[in-house]
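Welcome, and please open the structure in your viewer. This tour visits charged side chains, one stop at a time.

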Amino acid sequence: LPRRPQNLIEQGEIIVKIKLPIVTKDELKDGKRVFEYEEREVVFNNTISCQMRWESCFPELAKRESVIDYAARVRELEGRSVGILISEMKVVYCFLELDMPFTEFIKLFDFSQKEYVEKLIAKIKEAFDVIFDTASEKN
C-alpha cells in the first residue's frame, strides 16, 4: 500500500512531500536492458503558483479550465491508458517545485515496464489524494 505523505512545517508553511519513482538507469548492456529506479521525495506546492504554472505550461487547457477542475475531470476517467497517465502527469507536474520543462519531467518516468507503471499509477493516485485533500481543507 502506498504510504501517505507527511505534512511538515517549515518556515511557517505546511510543506507536503510525496515520493515518485524516478528512473535512474535505463540502458542496454550486453544485449540486455538494465532498468533501475528509486523513489525520490519531491515537494508538493499547493499554492496559487500551481495554477500559474498550469497557465504558462498548458495555455490551451488553461483557457478551458483551472488545474483543479482539470484534475477532477481526469481523476474520473476510466481506464489506464498512456494518454490518461500523461494527463495526470500534467497535473502532478504543476504541483511540484521543479525547475525543468514538462518534456524533461516526463522523461524521468518509464511507460514500458508494467510493474513500474503500476507503481507510478499508485503514486499518482496518492498525489491526487493530496491535491484533493488539500483543496477540501482550504474550502
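Start by selecting Asp129: at 16% relative accessibility it counts as buried, where buried means under 20% relative accessible area, exposed over 50% and partly exposed in between, with a 1.4 Å probe and protein chains only. Helices (H or I, at least four residues) and strands (E, at least two) are DSSP runs numbered from the N terminus.

A word on what you are viewing: this is a predicted model, in which local features need pLDDT of at least 70 and side-chain atom pairs count only at pLDDT 80 or more, while totals for chains, interfaces and linings use all residues. Residues are numbered from 1 along each chain as its sequence is written, and side-chain values use heavy atoms, leaving out hydrogens and water.

Now jump to Arg33, partly exposed at 39%. Which side chain meets Arg33 in a salt bridge at 2.7 Å, N to O? Select Asp110 to see this partner. The pair links distant parts of the chain, 77 residues apart: Arg33 is in strand β3 (residues 32-44), and Asp110 is in the loop between α5 (102-106) and α6 (114-138). Asp110 is buried, at 8%.

Asp26 is partly exposed, at 41%.

Finally, select Glu39, Lys119, Lys123 and Glu126, which a network of salt bridges links. The count of salt bridges comes to 13.

Notes:
A salt bridge is a side-chain nitrogen of Lys or Arg within 4 Å of a carboxyl oxygen of Asp or Glu.
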